[in-house]
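Please look at the sequence and the 3D structure shown here before reading on.

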Amino acid sequence: MISWFMEQTLLLSLVCSLLLILHRFLLSKIGAHYTYSLWLVVPLLPLADVVQTLLPQYFNWLSPNQTLGVIQQYYVLATDTASMSSSLFKLLYLPYLYAAVVLVLVVNLVSDSIHLQQLTRRAKPFVIESGKLNVFIHPNIESPMLVGLIAPQILVPNSFTLLDSHQQDAIIQHELYHYQRGDLWANILAYSLTIMFWFNPLMWCAYRRFRQDQELSCDAQVTANMETDSKIAYSKALLAYSQHAPLSMLHTHYGDKTILKERILQMKKQHGKNTLVLMGVTLLLGVSALTLNQQAQAGNSQSAQQPKADAIIAPTMRIEPAYPIEAAKEGVNGYVQLSFDINPAGKVSNVMVTKSSPAEVFDASAVTALEQWQYQTSANGMKGAQVQLDFVIHQPDASVERIQVR
C-alpha cells in the first residue's frame, strides 16, 4: 500500500506540476473550457492503476508478455532483520498520523455540510426565472452560490436585488451551468483525492487551481454570446462579489478576488467549445493515464530485474522474511528454494518449499514472507515460478551479485 501511494504521488506530482506551470499558456491558447477539462487526468491516474490491477487481462496490449525463466535469488540478512525490528516502533506512527489527518479533513467536510444546511433552512425564496433550480436569498452570505448535492439550489445575498435584470440573469445562468455540469460532485471527487494525498502540497495547489478554472469555464460559457456592454455589466457583478470567502467543496464560489483580474481578462479571449472535442480530450486523457501507469510499472520492473534475464515478472513489493532468532544467535546460514504461482493481479499463491538447508530451519519464515509478495500484473499470470532466499548472517562480498527490489 505504501509503495502504491508513493508511486501515485510521483505520477500525480508530475502531472499537477505540468498543469500548474503551463496553466497560463494553456489558458491563452486553448481557452477556459479545455484547460478545465485537462484536470480530469488527475483522478484518472489512480483510477487507471486500480482498473489495471483488477482487470489486467484487458490491458495486456500495453505491455509485452512476461515470463519468469530463472530462479530469482535474494539475500535475507540477520543484521537487516535486527535493524528492521529496532526501527519498527518508529514506523508504526505513520499510518496513525495519516489516518488522524484524514479524519480531521473529513470532520471539516461534515462541519461544512452542517453549516450549509443551516444556511439553506434560514433562506427565503426569491422570485426569479431560474429553470430547474429554486433561488433563495440569505442575508448572511456575500456571494451567489450553488449548494446541495441531493437537492441543489441557488443562494444569493441581499445585495443581489440591487443588480439589474441582465446581471441577475447572467449570474443565475452561471450557477445553472455549475449544476448542469455536475461541478458539486466534481468538487467532492477532487477534494477526496486531495484528502488521500494530503501530504503532497502540490495536490492542494492543484485543487485550488482546479476550482478557479471551474469558475473561468463557467464565465466563458455565460459570456460566449454576450455583447461588449453585457460583458462590462457582468464584470461589474464580478467586482461586486469579489469578497474572498473560504473555499468550500460543497458549494460553488462566484465571488473570488484572487482571480478577479484573470476572470475579467479571460472574457476578452473567447475560444468556444465543442462537445466532440471535449469527448476526444476525455478519451485521450484516459488512455494517457493508463499509459503513464503502465510505464511507471515497467520502470519499476526494469530496476528489479536481473541484468541477464529477459522479460521477467518482477516483484513490486517484497516483504523481508524474519531471520529466526535462534538461527541468528547460533550463526546458522542457509537457504530455501520455493515454487509458487502468480495470478493475473500479481498475487502469490500455492507456495511450496522445493529444497532447503538446513531442513525446516528457515522454511516457515520464507513461506510466510513470500505469500505477501506482490508481483506485476500480467495477462495470464504464471505457474511454477521459483525463487531462492539465502539466509546469511553478514552482508555478502561486494563481488556477489544481489538483486535489488523495493
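## How the strands are defined

Helices (H or I, at least four residues) and strands (E, at least two) are DSSP runs, numbered from the N terminus, and two strands pair if DSSP finds at least two bridges between them. This is a predicted model, in which local features need pLDDT of at least 70 and side-chain atom pairs count only at pLDDT 80 or more, while totals for chains, interfaces and linings use all residues. Residues are numbered from 1 along each chain as its sequence is written, and side-chain values use heavy atoms, with hydrogens and water left out.

## An open sheet of four strands

Four strands, in the order E1-E10-E7-E8, make up an open sheet with mixed pairing. At its edges lie strand E1 (72-77) and strand E8 (348-357), each of which pairs on one side only. On average, and with direction ignored, neighbouring strands of this sheet are turned by 25° against each other; here axes are lines fitted to C-alpha atoms, for helices over the stretch in contact, and angles run from 0 to 180 degrees between N-to-C directions.

Strand E7 (residues 334-342) is joined to E8 by seven bridges, and the two run antiparallel. Within this pairing, Ser 339 stands opposite Met 352 in E8.

## Strand E5 and its partners

Strand E5 (residues 153-156) is joined by three bridges to strand E3 (residues 135-137), with which it runs parallel, and by three bridges to strand E4 (residues 145-147), with which it runs antiparallel. Leu 155 in E5 stands opposite Phe 136 and is also the bridge partner of Met 145. E4 and E5 form a hairpin with five residues between them, and Gly 148 in the turn has a positive phi of about 95°.

In a regular strand the side chains alternate between the two faces of the sheet. Both faces of E5 are covered, since Gln 153 and Leu 155 on one side and Ile 154 and Val 156 on the other are all buried (buried means under 20% relative accessible area, exposed over 50%, and partly exposed in between, with a 1.4 Å probe and protein chains only).

## A kinked helix

Helix H2 (residues 23-38) has 16 residues, yet its end C-alpha atoms are only 10 Å apart, short of the 22 Å that a straight helix would reach at 1.5 Å a residue; the expected span is 1.5 Å times one less than the number of residues. A kink of about 125° is centred on Gly 31 in H2, where the bend at a residue is the angle between axes fitted to the seven residues ending there and the seven starting there. The buried residues of H2 include His 23, Leu 26, Gly 31 and Tyr 34.

## Aromatic pairs

The structure holds 13 aromatic pairs, and rings of Phe, Tyr and Trp (its six-membered ring) pair if their centres lie within 6.5 Å, with planes under 30 degrees apart counted as stacked, over 60 as edge-to-face and the rest as tilted. One of these is the tilted pair of Trp 373 and Tyr 375, with 6.3 Å centre to centre and 35° between the planes. Trp 373 is buried at a relative accessible area of 1%, and Tyr 375 is buried at 1% as well. Elsewhere, ring pairs link Tyr 98, Phe 197, Trp 198 and Phe 199 into a cluster.

## Cysteines

A search of the whole structure finds zero disulfides, a disulfide being a pair of cysteine sulfur atoms within 2.5 Å. Cys 205 is partly exposed, at 45% relative accessibility, whereas Cys 218 is buried, with a relative accessible area of 0%.
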